[in-house]
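Reader: I have a model open and want to learn how to read it. Where do we begin?

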Amino acid sequence: MDDETRVVVNAFQERFGAELVEFRGEVTLVLPPQQIVAAALAARDEYGYNMLMDATAVDYWPAQAPRFHLVYQLYGLGHNRLLRLRVPVGGNAPVVPTIVPVYPNANWKEREIWDMFGIRFEGHPDLRRILMPEDWQGHPLRKDYPLGYEEPQFSFNHEQILSTKLHPKE
Amino acid sequence: MGEFEAVHDVNIEELKHLVSERALRGETMLLNMGPQHPSTHGVLRLLLELDGEIVVTCIPDIGFLHTGVEKNMEAKTYQKAEVMTDRLDYLNPMGNNLTYCLAIEKLAELDVPERAQVLRVILLELQRISSHLLWLGTSALDLAAMSVFLYGMREREIILDIFEMVSGARMMTTYIRPGGLWRDVPVEFEDAVRDFLAIMPKRVDEYEGMLTTNKLFLERTVGIGKVCAEDCIRYGLTGPVMRASGIAHDLRKVRPYSGYEQYDFNIPTRTGCDINSRYLVRVQEIRESLKIIEQAMNHLPYGPVRSNNRKYVPPPRSELGTSMEAVIHHFKLWTEGFTLPRGAVYVATESPRGELGAYLESDGGPKPWRIHMNTPSFANLQAMPLLTKGHFVADVVGIIGSIDIVLGDCDR
């Protein structure tokens with residue numbers, strides 16, 4: 001870890017109670033969920049991490065506390081350094097504050113997380129499903145969501161499969 | 001009506017917060033563009049709010065090509081999951097393979113031999129050229145320049161033939177593997193690439209001759225779809241879009257991978273921020289890629305193309321008849337796969353469209369616990385409302401073309 005990153009890490013540990021994880025030269029700070037907006041704001045305005053490159057989530061089911069981790073990749077265009085923020089959230093239907101006011105491009109990324117993991121973002125301007133159809137049930141990237149399959153249709157079972165299928169008209 | 005009842009109207013209630021006040025009063029018109037529309041480069045639906053011919057807002061609706069790539073990859077071993085990466089951005093399969101392999105190599109601390117590194121660079125730059133050629137053809141076609149498309153496809157075919165020669169597949173290559181390459185390139189490879197390098201600069205001049213000073217093309221591109229440097233940063237726009245707004249940011253330079261630091265090339269930038277600047281940046285990138293390929297071909301070392309670490313890389317076929325260890329490694333790798341140490345890494349490469357990232361998390365098992373592909377099309381498409389505001393409907397088509405989206409990349 002270089003000196004500049006060390007300064008950021010120390011400040012975040014002091015101000016937001018962040019926990020440092022270093023692995024393969026990548027710096028990760030684990031933050032409590034209520035601190036994420038303040039931490040993102042500090043990273044952007046005080047430490048020059050002006051771009052949000054990626055936001056995603058990880059499901060640790062069957063673990064419940066915390067079940068999910070939110071993962072944010074911040075990048076500073078001026079100083080060319082990366083910083084990862086991780087936010088553990090517990091329960092099956094967690095709610096986390098949104099960071100759209102800080103990084104506008106978190107909009108779609110948070111919509112994707114809501115769609116795929118069922119994590120709600122409080123204060124998000126447009127929290128609709130993004131990849132799945134709007135009337136979809138469930139959140140596919142959760143570990144308790146089955147991968148699912150469709151039975152291949154051959155001539156011998158074609159009729160049978162067709163009879164069990166829902167028709168859009170019905 | 002009868003048959004057509006299934007086609008439902010746009011539900012204004014759900015989108016109330018995205019359209020302007022005037023749409024609610026019925027003063028502006030909401031118009032669906034897509035999902036089946038040739039100029040949307042895939043299955044993209046845009047909901048346009050129009051004031052006459054002028055776009056007030058544009059609401060992109062994606063997900064029509066969502067195939068659950070990440071879910072599928074998490075259910076497969078690391079080797080099998082690589083096949084899925086080809087299908088993300090189908091104009092950049094080599095780059096997707098590389099991003100995924102770099103993540104594995106970083107997590108496993110796996111070495112890659114020098115020859116494999118150089119061959120990776122050659123293939124990636126060929127891929128960049130082929131992607132830019134398809135972009136050049138289709139986006140010029142959107143602006144009614146027919147012939148560029150035919151010329152662009154002609155040269156792209158040469159690159160696809162080279163890919164077929166090395167990997168057996170024109171598009172879904174899966175040629176770059178963790179620890180190196182699938183196998184060494186055939187002997188004809190060098191001549192094929194040299195031939196390509198010989199003809200290509202003249203062909204790029206040809207494209208430029210058709211477009212760069214073409215008055216019709218300039219009228220459709222200059223000053224259209226502007227996005228300033230600050231907005232590029234705010235919205236996380238990367239790649240040629242960012243470089244056309246004056247920011248010289250290229251991951252091959254700022255965070256080099258696969259030995260890009262050894263090559264001498266420039267980052268083309270423009271300050272026009274519009275469609276025309278993006279066109280000029282991409283054409284210049286083709287020339288820079290040719291430079292990189294030439295340097296790499298001149299310094300292509302001999303040696304192995306796969307790591308010798310048998311815990312991750314299968315032994316060569318020839319050893320299977322003579323070595324018991326080789327048989328055991330082969331069997332283990334192709335049945336249960338390899339395991340990676342617990343931990344998470346994020347690696348990013350410069351795809352033809354922008355920053356392509358892979359977030360890979362391992363729980364110590366043979367399958368990725370979490371793999372997330374951070375794709376440039378997804379990031380760039382998000383800025384559509386910004387880019388299209390105040391332009392004509394006809395220009396929306398040109399703007400979509402200029403950000404070079406691939407819906408497979410966007411929807412995953």
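This is a predicted model: local features need pLDDT of at least 70, side-chain atom pairs count only at pLDDT 80 or more; totals for chains, interfaces and linings use all residues.

Reader: Let us start with strands. In which sense do strand 4 and strand 5 of chain A pair?

Author: Look at the direction of each strand, then count bridges. Strand 4 (residues 68–76) and strand 5 of chain A pair in the antiparallel sense, over nine bridges. A:Phe68 stands opposite A:Val89 in strand 5 of chain A.

Reader: How many residues lie between strand 4 and strand 5 of chain A in the hairpin?

Author: Four residues lie between them. In that turn, check the phi of A:Asn80: positive, at about 55°.

Reader: In which sense does strand 2 of chain A pair with strand 5 of chain A?

Author: Parallel, over three bridges. Strand 2 spans residues 26–30 and strand 5 spans residues 81–89 of chain A. For a landmark, find A:Leu29, which stands opposite A:Leu85 in strand 5 of chain A.

Reader: Now a single residue. Is B:Ser289 buried or exposed?

Author: Count the neighbours. B:Ser289 has 23 other C-beta atoms within 10 Å. The cut-off for buried is 20 or more, so B:Ser289 is buried.

Reader: Where is B:Ser289 placed, and which residues does B:Ser289 touch?

Author: B:Ser289 sits in helix 12 of chain B, residues 275–298. Leaving out residues up to four places away in sequence, B:Ser289 touches B:Glu125, B:Arg128 and B:Ile129. B:Asn266 is 23 residues from B:Ser289 in sequence, and their C-alpha atoms are 9.6 Å apart.

Reader: Next, domains. How is chain B divided?

Author: Domain 1 covers 2–61 of chain B, and domain 2 covers 111–308 + 381–411. Taken over C-alpha atoms, the centres of these two domains of chain B are 32 Å apart. Then look at the contact: 15 residues of domain 1 meet 17 residues of domain 2 in chain B.

Reader: Which element of domain 1 of chain B gives the most to the side that touches domain 2?

Author: Strand 3 of chain B, with five residues. That side of domain 1 has nine nonpolar, five polar and one charged residue.

Note on methods
Residues are numbered from 1 along each chain as its sequence is written. Chains are lettered from A and ligands numbered from 1 in the order in which they are written. Domain bounds come from an automatic or database domain assignment. Two residues are in contact if their C-beta atoms, placed from the backbone, lie within 7 Å. Helices (H or I, at least four residues) and strands (E, at least two) are DSSP runs, numbered from the N terminus. Ala, Val, Leu, Ile, Met, Phe, Trp, Tyr, Cys and Pro count as nonpolar, Asp, Glu, Lys and Arg as charged, and the others, Gly among them, as polar. A residue is buried if 20 or more other C-beta atoms lie within 10 Å of its own, exposed if 12 or fewer, and partly exposed in between; C-beta atoms are placed from the backbone. Two strands pair if DSSP finds at least two bridges between them.
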